[in-house]
Amino acid sequence: MARERTQLFRDVIDGNIPKRVPVCVSFSIEFAIQYAGKNLAEAQWDTGQLEEIFDQICRDFYSDLLPVNAFRFPSFYKLLGARNFVMSSNGFLQHPEVEGLLQEEYDDFIASPYNCIIEKILPRLYTELDTDAATRALALAKAFKAFHDEMGNAVMIYGRLNQKYGYADINLFAGFTEAPFDFVADQLRGFKGISTDIRRVPDKVEAAVDAATPLMIKAGLQPFASKYNATFIPLHMAPFMRTKDFERFYWPSFKKLVDALAEAGHPSYLFVEHDWMRYLDHLYELPAGTIMRFEYGDPKLVKEKLGDKHIISGFYPVALLKTGTRQQCIDKAKEIIDILAPGGRYIFDFDKVPITLDSLNVENARAVLDYVAANAGY
Amino acid sequence: MLDLQALTKAVGDLNEQQVLAMLKEFVATNPGNEETVAVVNACQQGMAIVGELFDQKEYFVGDLIFAGELLSSAIDILKPVLGGESTVTVGKIVLGTVEGDLHDIGKNIFKNMAEAAGFEVIDLGIDVPAATFVEKVKEIKPEIVGMSGVLTLALDSMKKTVDELKTAGLRDGVKVIIGGNPVTEEACRVIGADAFTTNAAEGVKICQGWVK
C-alpha cells in the first residue's frame with residue numbers, strides 16, 4: 001500500500017496523471033489530543049502519550065500521507081523563556097506580536113544579520129538568554145536537549161505510524177523556512193512594526209530583507225536533494241500589503257529563496273495563507289512544480305492560471321465540515337475535485353488545519369476523506 | 001488657519017510627513033479650542049477615508065495599522081492645545097481578545113478606529129476570561145462590548161462570555177459585537193452577539209449606529 005501511495009505523489013510531482021487524486025490532510029496536535037480525550041496542557045508536556053494520541057487520528061481519518069505533524073512543543077520554548085511562542089490559558093501555543101529588533105537597530109542587522117541575531121535578537125525573544133554568558137550557555141544547552149528529546153521522540157513516532165499505516169514515502173516537511181520579509185516581520189519587527197517601517201524607513205526594510213535572504217535560503221536547504229521531499233514555507237504578510245509594497249518588499253527576496261531552493265534540488269511546499277488572488281501572476285513565475293496549498297480564493301482561476309505549471313492543493317473549506325450536511329460536504333469535495341483534478345498536478349487537502357475538535361463535525365470529515373479515497377480516480 | 005480639507009486628504013493618503021508638518025505649524029499658532037476640535041474632526045474624516053479605501057481594496061490591513069499609528073502621533077501633537085470639553089465621548093466600549101486567544105492586531109485596529117470616531121475604549125488586552133468582561137461591564141457600564149479573536153476556538157470563548165453576561169443580568173444593557181477571522185453570521189447567532197464583522201471600519205460604523 002505504501003508503494004502505491006508513494007506512486008500517487010511521485011506521479012503528481014513528475015507531472016504524470018496518477019491513478020487517483022492523492023489525499024494529504026493534517027490535524028493539529030491540539031485537535032489530536034482533544035480527539036483522544038486527553039488534557040491539552042498535560043499531553044503537550046508529557047509527550048510519552050503522543051503515539052497513542054496520533055494513532056487514533058491515523059486510524060480514523062483517511063490520508064495518503066501521515067496526517068499528524070507536530071514540531072512545536074512547549075518544553076523547549078518554556079526553557080528559553082520564549083516570547084515568540086507562548087501558550088494561552090487554555091493550552092494553545094501561539095505566536096504573539098513580538099519585537100526582536102528595534103527600529104533604530106536596522107543598521108546593525110543589515111551590516112551583520114547573524115551577529116545581530118545572536119547578540120541582540122535572541123536575548124530579546126528568549127528571556128532566559130538575556131543574561132550572562134555562562135547562564136545563557138546553560139539555558140541554551142537545556143533547551144536544545146529538550147528540543148532533541150522531543151523531536152527524536154516525535155520522529156520515531158512518525159516512523160512507526162508511517163510503517164503501521166503504510167503512508168506514502170515522500171516528505172513535504174523535509175525542510176522549513178520563511179519568506180525573508182515574513183521573517184523580518186514575524187520575528188524581528190512585528191506586524192505593527194513592519195507596517196509602519198515600510199512607510200517610515202522603506203530603504204532599511206528593503207536592505208534588511210535582502211540581508212535576511214541568505215539565512216532563509218540556508219535554513220531551507222535539506223541534507224539531501226530529492227524532488228520528492230519539499231521544504232515547507234508558510235506564507236504570511238503578502239495579503240495584508242498593497243500590491244506595490246508587495247512588489248517592492250516581499251516578492252523579489254521570496255522569489256530568490258524559492259529559486260535557490262529549486263536550484264539546490266528542493267521543491268518548495270507553500271502554505272498560501274489568506275487571499276493571494278492578486279498575486280497569481282507572481283506565483284506563476286516560481287520554479288515549475290512548486291506545491292501550493294491555498295487557504296482562500298477561486299479554485300477555477302487558480303487552476304487556469306497556475307495548473308499547467310505548479311501543483312495545487314487546499315481550498316476544501318473546513319468550516320463546511322462543521323455546518324454542512326454529510327451530502328453537502330461530499331458534494332463540495334466533488335465540486336473542488338472536478339475543478340482541480342483534470343490533468344493531474346493536484347493533491348486533495350483542506351483549506352486549513354483543524355485546530356480544535358469542535359471546529360468540525362468528525363463524521364463529515366471522515367465521510368469526505370473516504371469519498372475522495374474511493375472516488376477520485378482518474 | 002489650517003486647510004482642513006487638505007489635512008483630511010493628507011490623513012486619507014497616509015502622508016505622515018505632511019500631516020505632522022501641518023499639525024505642528026497649527027499648534028505653533030497657539031489655536032483656540034474650537035479650532036482644535038475642527039482639526040481633530042478633519043483627522044477623523046481622514047480616517048473615514050482610510051476605511052473607505054480599505055473597503056475598496058486600495059488599502060490593506062498593514063495600511064490600517066499604519067493609519068492607527070499616524071492618528072496617535074497626530075493626537076500627541078494636538079494634546080497640548082486640546083481643551084477638556086473637546087473630549088466628548090460618543091459612547092464607551094469594553095473591548096478584549098477573548099480567552100484562549102493571544103492575537104491582538106485586529107482588536108488594536110478596531111480600537112484605534114473606534115477612538116478616532118470618538119468612542120472611549122476600555123481595552124482589557126488578550127486572553128481575557130469571561131469573568132473579567134463581566135466585572136468590567138459592571139464597573140464601567142459601557143454601551144457596547146467588543147470581543148475579538150483569530151482562532152476558531154475564540155468562538156467558544158465568545159459564547160461563554162455572552163452566557164456569563166446573561167447570567168449576571170448584564171446582557172440586555174449592552175450591545176455585543178464580535179470581530180475577527182472566524183466570525184460569521186451563523187457564529188454570531190450561536191454566540192448570541194448583536195453583530196459581527198471582519199472589517200474594523202464596518203465594525204465602527206455598526207457601533208456608531210447603536211449610540212445615535
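Guide: A polar contact is a pair of N or O atoms within 3.5 Å, where one atom must be able to donate a hydrogen and the other to accept it. In this predicted model, nine residue pairs, both members at pLDDT 80 or more, are in polar contact between chain B and chain A.

Visitor: Which helix of chain B gives the most to the side that touches chain A?

Guide: Helix 4 of chain B does, with seven residues. By class, the side of chain B that touches chain A has 10 nonpolar, five polar and 11 charged residues.

Visitor: How many residues of chain B are in contact with chain A, and how much area is buried between the two chains?

Guide: On chain B, 26 residues are in contact with 27 residues of chain A. The two chains bury about 2,100 Å² between them, and carbon and sulfur atoms account for 59% of that area.

Visitor: Why is A:Asp245 called buried?

Guide: The term buried applies under 20% relative accessible area. A:Asp245 has 9% relative accessibility, so A:Asp245 counts as buried. A:Asp245 is placed in helix 11 of chain A, residues 243–263.

Visitor: Which residues are in contact with A:Asp245, leaving aside its neighbours within four places in sequence?

Guide: They are A:Ile198, A:Tyr250 and B:Asp63.

Visitor: Which domains does the domain assignment give for chain B?

Guide: The assignment gives domain 1, covering 4–86, and domain 2, covering 91–211. Their C-alpha centres lie 26 Å apart.

Visitor: What is in contact across the interface of domain 1 and domain 2 of chain B?

Guide: In chain B, 10 residues of domain 1 are in contact with 11 residues of domain 2. About 800 Å² is buried between these domains, with 68% of it from carbon and sulfur atoms. Across this interface the rule finds zero salt bridges, but two residue pairs in polar contact, both at pLDDT 80 or more.

Visitor: Which elements give two or more residues to the side of domain 1 that touches domain 2 of chain B?

Guide: These are helix 3 (33–55) and helix 4 (61–78) of chain B. That side of domain 1 has six nonpolar, three polar and one charged residues.

Key
Residues numbered from 1 in each chain as written. Chains lettered and ligands numbered in written order. Predicted model: local features only at pLDDT ≥ 70, side-chain atom pairs only at ≥ 80, totals over all residues. Heavy atoms only, no water. Domains from an automatic or database assignment. Contact = heavy atoms within 4.5 Å. Buried area = accessible area lost by both parts, 1.4 Å probe. Salt bridge = Lys/Arg side-chain N within 4 Å of Asp/Glu carboxyl O. Polar contact = N/O pair within 3.5 Å; in protein donor to acceptor, adjacent residues only side chain to side chain. Helix = DSSP H or I, 4+ residues; strand = E, 2+ residues; numbered from the N terminus. Nonpolar A, V, L, I, M, F, W, Y, C, P; charged D, E, K, R; others polar. Buried < 20%, exposed > 50% of the residue type's maximum accessible area, 1.4 Å probe, protein only.
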